[in-house]
Amino acid sequence: MPTTRKYTFDIDTKRYLNRVNTYRQLNGLPNIAIADAVDIDNFVIGLKDLGLWVDSYIWLLMSQYNVAAGTSLVGLNVNTPTGTLVNSPTWSTSGVVFLNSSAQRIDIPVTFSFGDTYTLFASAKLTNIAATNLTVLSFGNNRGGLIGVSSNGSTLLRNNQWAVDTSSVFGALNGDYRMSSATRLPTIGSFHISGTTYSGPFNGNIHIAFMLKRSITASAQSSLHNLYKNTVGKNLGLP
């Protein structure tokens, strides 16, 4: 009789799957599929190998890797707080879908101190609309955006109050924005995925939001991008 190989997950992957699957069961959904769990596990192990696991905040926004329904967004590691979907952004297998006109966002219960240095990484696909600012990651204290697009006609990535993100190694292609930047936070403030009414909510799909409590080299940024596009971002067609 043939035997079935049992995949052994990293302990932190197991903890994440337990948290997420509890939400999925409450929403009447099946547990995360084994193939998707393997993608998550490879991402977790890769982050540890790169030294990017400790002191990180990570949210996977594609429905196959998270709760897929309801208003909670579970963080990947135990350091990462659960976010709350506001104004009904929509779960999908290509990321949470935000509408700028509906001021949709995800509130994250963390605050940051003046002068702290963070590495920020996000993957998102913009739907081109007539909007002044489209924010991927933002503060909620009327200080504007951390990472986003300054106008719908611009392909330049922006960070930290809409300064040009010259540290990005990923660029923009056909509306797909991949961002990584070491940013000094301008003030104390709460954190949001997408933007507030002040900073300009995003319009399109956001796939992942990642923050690390320190700066990293361009080489490490590139390694993070390559890890993501070969694991939990492998179906996005990232370059």
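Helix axes are lines fitted to C-alpha atoms over the stretch in contact, and the angle between two of them is taken between N-to-C directions. In this predicted model, helix α2 covers residues 34-49 and helix α3 covers residues 218-229. The two helices pack at an angle of about 165°, and their axes lie 9 Å apart. Angles over 145 degrees count as roughly antiparallel, and α2 and α3 are therefore roughly antiparallel to each other. The crossing of α2 past α3 is right-handed. On the α2 side the contact is made by N42, F43, G46 and L47, and on the α3 side by L224, L227 and Y228. Of these contact residues, 5 are nonpolar and 2 are polar, with no charged residue.

The length of α2 was also examined. After the helix comes G51, which has a positive phi near 75°.

The buried residues of α2 are D36, A37, V38, D39, I40, D41, F43, V44, G46 and L47. Elements covering them include α1 (11-26), β1 (56-60), β14 (204-212) and α3.

One of these buried residues, D39, was considered separately. D39 has a relative accessibility of 7% and so counts as buried, the cut-off being under 20%. Leaving aside residues up to four places away in sequence, D39 touches Y65, T231, V232 and K234. D39 and Y65 are separated by 26 residues in sequence, and their C-alpha atoms are 8.8 Å apart in space.

Notes:
Residues are numbered from 1 along each chain as its sequence is written. This is a predicted model: local features need pLDDT of at least 70, side-chain atom pairs count only at pLDDT 80 or more; totals for chains, interfaces and linings use all residues. Side-chain values use heavy atoms; hydrogens and water are left out. Axes are lines fitted to C-alpha atoms, for helices over the stretch in contact, and angles run from 0 to 180 degrees between N-to-C directions. Helices (H or I, at least four residues) and strands (E, at least two) are DSSP runs, numbered from the N terminus. Angles under 35 degrees count as roughly parallel, over 145 as roughly antiparallel, 65 to 115 as roughly perpendicular and the rest as oblique. A crossing is left-handed if the near helix is turned anticlockwise from the far one by less than a right angle, and right-handed if clockwise. Contact means heavy atoms within 4.5 Å. Ala, Val, Leu, Ile, Met, Phe, Trp, Tyr, Cys and Pro count as nonpolar, Asp, Glu, Lys and Arg as charged, and the others, Gly among them, as polar. Buried means under 20% relative accessible area, exposed over 50%, partly exposed in between (1.4 Å probe, protein chains only).
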